[in-house]
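Welcome, and please take a moment to look over the model below. We will walk through it together, one region after another.

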Amino acid sequence: MRYRDDASLDTGNVQDRRGGGGRAIAVGGGGLGIVGVLVVLLLQVLGGGGGAGGPGPAVQLGPVLDGLGQGQTAGTGELAASCRTGADANARAECAVVADVESVQDYWSGLLGPRYAPADTVFFAGSTPTGCGTGTSGTGPFYCPADQQVYIDLSFFDELRTRFGAEGGTFVDAYVLAHEYGHHVQHLLGTSDAVQAGVSGPDSGSVRLELQADCYAGTWAHHATTVPDDSGAPLISDITDEDVERALDTAGRIGDDFIQTHLGDGTTDPGSYTHGTSAQRRQWFTTGYESGDPARCDTFSVADLG
C-alpha cells in the first residue's frame with residue numbers, strides 16, 4: 001500500500017503518549033484480539049471472565065480514569081513535525097498509521113455524515129490510562145467506548161510478525177486500525193450496546209461484534225483509494241492484491257481456533273470463543289472488501305457466521 005506523496009497529513013486525531021507508565025489493565029471495548037485474545041482465553045479456561053476485547057465492560061469492572069498518569073504527556077508536536085506528507089507515510093510506520101487514521105475517519109465521516117464523531121488514536125508505550133482502566137501493550141490495540149478513543153502500542157505490529165508469524169506490512173497495520181474504528185462505529189450506532197458483555201461462544205454477540213468490525217475494515221479497504229482527503233484527492237494511492245493477501249494471512253492467525261491451537265495447549269474450546277474462527281475472520285473481511293457495503297456486514301441477522 002502506498003500513500004500519495006504530496007498529500008498533507010493531519011495529526012489532529014492522534015495523541016502521542018509514548019514514554020509514560022501506568023498500573024492495572026484496560027477492561028472495556030473491542031480489540032483486534034491478537035495478544036489480548038490469548039490472555040482472555042486463558043482467563044476463561046481458568047474460570048475468569050471474558051468478552052469482546054477485554055475481561056468485561058468498563059462501567060462494571062474498571063475505574064474511569066481522567067487525565068494522564070504521572071510523568072506522561074500527550075501531544076502531536078513532534079509527530080506533526082515528522083509526519084507532514086504522504087511521502088513521510090511511505091517512509092515511516094508511525095506516519096503511515098497517522099495516514100490510516102485520517103483515511104478511515106474520512107471514509108466513515110463521508111458515509112455517516114453528522115452521525116459520525118471523530119475518535120482519537122492514542123500512541124503509547126507499555127501502558128497508559130484510559131477511560132476503561134489502564135491499557136497495556138499485552139492487550140493489543142483496543143477501542144475504549146468510555147472515552148471513544150483507540151489505543152495502540154506500535155510495537156504490536158512487530159509482535160504480529162515475530163510471535164504470530166504474520167507477514168505484516170503497511171496494509172496489515174491499516175487493517176488493525178480500521179478494525180478498531182469499526183468498533184467506534186458500532187458504539188456510535190448503538191450496536192455494541194445491544195450485546196451482552198462477558199458472553200462467549202461461537203454464536204455469541206462478542207463474536208458477532210468482532211466479525212462485523214472485520215467486515216467494516218474491509219468496506220473501508222474497498223474504498224480506500226477513492227476516499228478524498230481535505231484536498232479532494234485520495235490520500236491512499238495504491239492497494240495491491242499482495243496487500244490484501246497479507247491482511248487475510250493476518251486474519252487467519254488471529255482466529256480463536258488458531259490462537260488456542262498454536263499458542264495454547266493444542267486443543268480448541270468453542271465455548272470460549274470471543275472473536276471468531278480464522279476462517280470466519282477471513283470471510284467477513286472479504287465480504288466487506290468485495291462488496292464495499294457496510295449493510296452486508298450485518299453479522300447479527302445471519303444464523304451461520306461461516
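Helices here are DSSP runs of H or I with at least four residues, strands are E runs of at least two, and both are numbered from the N terminus. Arg161 and Asp158 form a salt bridge, with their closest N and O atoms 2.6 Å apart. That term means a side-chain nitrogen of Lys or Arg within 4 Å of a carboxyl oxygen of Asp or Glu. Arg161 is partly exposed at 34% relative accessible area, and Asp158 is partly exposed at 42%. Partly exposed covers the range between buried (under 20%) and exposed (over 50%), using a 1.4 Å probe and protein chains only.

A word on the background: this is a predicted model, in which local features need pLDDT of at least 70 and side-chain atom pairs count only at pLDDT 80 or more, while totals for chains, interfaces and linings use all residues. Residues are numbered from 1 along each chain as its sequence is written, and side-chain values use heavy atoms, leaving out hydrogens and water.

Now for the wider view. The protein chain has eleven helices and eight strands, and 54% of its 306 residues count as buried. The structure holds eleven salt bridges.

One of these joins the side chains of Glu94 and Arg18, at 2.7 Å from N to O. Glu94 sits in helix α5 (residues 93-112) and Arg18 in the loop between β2 (14-16) and α1 (35-45), so the pair ties together parts that are 76 residues apart in sequence. Glu94 is buried at 12% relative accessibility, whereas Arg18 is partly exposed at 34%. Both belong to a network of salt bridges that also links Asp16 and Arg92.

Next, find the strands β4 (residues 127-130) and β5 (residues 133-136), which run antiparallel and are joined by four bridges. Strands count as paired if DSSP finds at least two bridges between them. β4 and β5 form a hairpin with two residues between them, and Pro129 stands opposite Thr134 in β5.

Finally, visit two serines. Ser206, in helix α8 (residues 205-223), is buried at 1% relative accessibility. Ser278 belongs to helix α11 (residues 278-291) and is buried too, with a relative accessible area of 6%. Leaving aside residues up to four places away in sequence, Ser278 touches Ala251, Gly252, Arg253, Gly255, Asp257 and Phe258, where a contact means heavy atoms within 4.5 Å.
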